[in-house]
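Hi,

Here is the structure I promised to pass on to you.

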Amino acid sequence: MKKYNLLVLTDPSNHSKENSLYALVEAMRKHPNCGLLDVASKANPLNQSFFDANVQNTLSVARVDQRFQFDAQLTAFQSNIKTVSLDKYDFVWLRLPPPLSPRFLEYLQNTFRNKTVVNDPKGIYETGSKAFLTRFPELCPPMQICRSIQDIVHFKNRFPIVLKPFRDYGGKGIVRIEGEQVWEGKQQSTWQDFVAKIKDKEIAYLGVKFLENVSMGDKRIIVVNGKIMGASLRLPAADSWLCNVAMGGSSNMAEVEAEEIQIVEHINPILSDMGIVMYGVDTLVGDEGKRILSEINTTSIGGLPQIARLRQLPLVEEATDLIWQYFLKLK
């Protein structure tokens with residue numbers, strides 16, 4: 001069986017023992033098609049030029065073996081280090097946290113022009129804006145692109161709304177507006193105060209109807225190469241309307257419902273054509289009581305090892321095999 005060399009790009013600076021990278025690369029390493037498996041860290045000063053999107057033909061990498069595990073000192077990224085030419089690799093796997101700058105994504109596209117990159121940098125940039133959801137109005141709550149205060153006024157006069165900055169993540173920058181009241185996270189203010197705050201700034205929001213059923217949770221569904229691997233349900237804290245774990249929400253195991261399967265079947269061909277292999281679909285319960293699409297996430301999707309443990313299934317190994325199938329199909 002032919003073996004191939006794989007490069008993983010990551011930034012371990014904020015990793016915890018729950019980060020998915022370690023379980024994923026362990027399964028990748030054991031795959032029969034895997035030759036060399038190296039990880040390049042953004043935290044390594046020798047790689048700074050590369051991650052700053054400056055031309056660099058080599059990287060300082062850590063070779064992945066059975067000792068590659070998380071610890072607080074990031075030992076895995078400081079031992080077994082080699083300087084390797086970028087030409088050595090057949091495939092590249094991006095496991096970098098958002099946000100990724102358009103300059104860096106374009107640099108990756110050019111640097112690995114003749115290589116298969118997962119997820120594809122151009123696809124990450126195109127799907128990374130909340131505005132991408134406007135391609136699927138039939139799957140989402142009522143939406144409107146808001147580029148001015150007048151746009152926001154027009155939309156908020158219809159019903160309570162949520163404003164999502166195009167390229168923020170993890171619940172950052174989200175604003176809820178109901179009548180003359182505004183919430184930015186847990187901080188409440190007035191519409192007049194909010195207008196005074198943004199009137200001299202560039203306005204770029206996706207406006208979405210606020211769903212009263214948000215307390216029923218935001219479900220994250222993980223998809224790899226078109227296959228649904230599992231789901232988790234993120235519930236807001238008692239004093240919050242935000243479900244993001246980073247904003248105090250809690251994560252629980254969940255089942256995937258029929259309407260969510262239909263959502264994935266609808267969007268997957270489009271994402272696949274854009275080189276998006278592993279992604280997360282977020283759903284909320286709409287006003288009619290069924291789950292609808294709220295977000296699509298395509299950068300460094302986590303949570304699969306935790307779902308695998310709860311369901312007692314080899315989902316990590318299955319996911320990495322699906323990624324290898326994608327690689328080999330294009331080789």
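**Aromatic pairs and what surrounds them**

Y22 and F77 are both buried. Please keep in mind that this is a predicted model. Which parts of the chain does the pair of Y22 and F77 link? Y22 belongs to helix 1 (residues 21–30), while F77 sits in the loop between strand 3 and strand 4 (81–85), 55 residues apart. The structure holds 17 aromatic pairs. In the one made by Y22 and F77, the ring centres are 6.3 Å apart and the planes meet at 75 degrees, so the pair is edge-to-face.

Another edge-to-face pair is F50 with F112, at 6.4 Å centre to centre and 65 degrees between the planes. This pair also links distant parts of the chain: F50 is in helix 2 (residues 48–51), and F112 is in the loop between helix 3 (102–111) and strand 6 (116–118), 62 residues apart. F50 and F112 are each buried. One aromatic cluster takes in F50, F51, F104, Y107 and F112.

K156 is over the face of W191, 4.8 Å from the ring centre, and R176 is over the face of W183, 4.5 Å from the ring centre.

The side chains of R63 and D38 are joined by a polar contact of 2.3 Å. Leaving aside residues up to four places away in sequence, R63 touches L36, L37, D38, N80, K82 and V84.

**Backbone points to look at**

N119 is found in the loop between strand 6 and helix 4 (121–127). The peptide bond from P98 to P99 is cis as well, with omega near 0 degrees, and P99 is in the loop between strand 5 and helix 3.

There are also positive phi values in residues other than glycine. A53, in the loop between helix 2 and strand 3, has a phi of about 65 degrees. A53 counts as buried because its relative accessibility is 13%. For N225, phi is near 50 degrees. N225 lies in the loop between strand 13 (218–224) and strand 14 (227–235), and its relative accessibility of 26% means that N225 counts as partly exposed.

**One last residue**

L313 is placed in the loop between helix 8 (304–311) and helix 9 (315–330). With 38% relative accessibility, L313 counts as partly exposed. L313 and G171 are 142 residues apart along the chain, and 30 Å separates their C-alpha atoms.

Best wishes

Definitions and conventions: Residues are numbered from 1 along each chain as its sequence is written. This is a predicted model: local features need pLDDT of at least 70, side-chain atom pairs count only at pLDDT 80 or more; totals for chains, interfaces and linings use all residues. Side-chain values use heavy atoms; hydrogens and water are left out. A polar contact is a pair of N or O atoms within 3.5 Å; within protein, one must be able to donate a hydrogen and the other to accept it, and residues adjacent in sequence count only if both atoms are side-chain atoms. Contact means heavy atoms within 4.5 Å. Rings of Phe, Tyr and Trp (its six-membered ring) pair if their centres lie within 6.5 Å; planes under 30 degrees apart count as stacked, over 60 as edge-to-face and the rest as tilted. Helices (H or I, at least four residues) and strands (E, at least two) are DSSP runs, numbered from the N terminus. Buried means under 20% relative accessible area, exposed over 50%, partly exposed in between (1.4 Å probe, protein chains only). A charge sits over a ring if NZ of Lys or CZ of Arg is within 6 Å of the ring centre and within 35 degrees of the ring normal.
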